[in-house]
Amino acid sequence: MKRSEINQIIRDFEKKLEEHQFYLPPFLHFTPEEWQEKNHEYDEIRDNALGWDVTDYGLGDFSKTGLSLITIRNGNVNNPKYKKTYAEKIMMLREGQVSPNHFHWKKMEDIINRGGGDLVFRLWNATEDGALKDDEVLVHMDGRSFTHPAGEDLILKPGESLTLYPYLYHEFFVAPGGSYAIIGEVSMCNDDNNDNRFYEPLGRFPKIEEDEPAYRLLCNEYPAARD
């Protein structure tokens, strides 16, 4: 992805959050120059990958397979220094994009449609070795439990949420005519390096062509503390 594209995606995301009156903590407004001056008081952000995240999953076509995310809070299962057992994200998905099919080995999460268009989910149970099962899926939505055919469309309207347990494959996209959706995630600690199992092998972070200066640093780009 070009840095100019990433910059515009982040600006658009900021604008949509402002329209929805979803306000971000101060560190998400730091410029790259300001990050150069931040010391160890911000280690939690660096160590736990808090912040901006734009991914094309290594496929090079963000408009079709991509997602914009912000990790607002997160613990760290690999570092006992951090005691939080939970994480929170806010995401934006555009019409035409798909968040590709994957499950988590350990993380349980609630995905919430915070506004915009309807979301369409497709769910499958996974075998121990990561294959898709064709049996019905037990769905948990806002206190209601019911079964749903594997791989068939499940609609999540604004305000509704879906609980995703480990070994539950899920892919999702914005329903046609919805333009975009703002999506919340409340979960156990997030570990993108070890806890994502994509059905088709994919990358996680984009390769970036630096055609202009960064507007915001991504969560894997922070400079080390100065001392």
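Close-up 1. Tyr-42, at 24%, is partly exposed. Their ring centres are 6.0 Å apart with the planes at 75°, so this pair is edge-to-face. For reference, rings of Phe, Tyr and Trp (its six-membered ring) pair if their centres lie within 6.5 Å, and planes under 30 degrees apart are stacked, over 60 edge-to-face, the rest tilted. The whole structure holds 12 aromatic pairs.

A note on the model: this is a prediction, in which local features need pLDDT of at least 70 and side-chain atom pairs count only at pLDDT 80 or more, while totals for chains, interfaces and linings use all residues. Residues are numbered from 1 along each chain as its sequence is written, and side-chain values use heavy atoms, without hydrogens and water.

**Close-up 2. Phe-121 stacked with Phe-172.** With centres 4.8 Å apart and planes at 20°, the rings of Phe-121 and Phe-172 are stacked. The pair links distant parts of the chain, 51 residues apart: Phe-121 belongs to strand β6 (residues 119-125) and Phe-172 to strand β11 (residues 168-174). Helices (H or I, at least four residues) and strands (E, at least two) are DSSP runs, numbered from the N terminus. Phe-121 is buried at 0% relative accessible area, and Phe-172 is buried at 3%.

**Close-up 3. The buried side of helix α1.** Helix α1 (residues 3-19) has 17 residues. Its buried residues are Arg-3, Ile-6, Asn-7, Ile-9, Ile-10, Phe-13, Glu-14 and Leu-17. They cover an arc of only 160° around the axis, which puts them on the same side of α1; the arc is taken from the directions from the helix axis to the C-beta atoms.

**Close-up 4. The largest nonpolar core.** This core has 26 residues, and those touching the most other members are Phe-13, Leu-17, Trp-52, Val-54, Ile-70, Ile-90 and Ile-182. A nonpolar core is a set of buried Ala, Val, Leu, Ile, Met, Phe, Trp, Tyr and Cys residues joined through side-chain atoms within 4.5 Å. At least two residues come from each of α1, β1, β2, β3 and β12, and α1 gives the most, with 5.

**Close-up 5. Arginines over rings.** Arg-144 lies over the face of Phe-146, 4.0 Å from the ring centre. Arg-216 sits over the face of Tyr-215, at 4.2 Å. The criterion is NZ of Lys or CZ of Arg within 6 Å of the ring centre and within 35 degrees of the ring normal.

Conventions. Expected span 1.5 Å × (residues − 1). Buried < 20%, exposed > 50% of the residue type's maximum accessible area, 1.4 Å probe, protein only.
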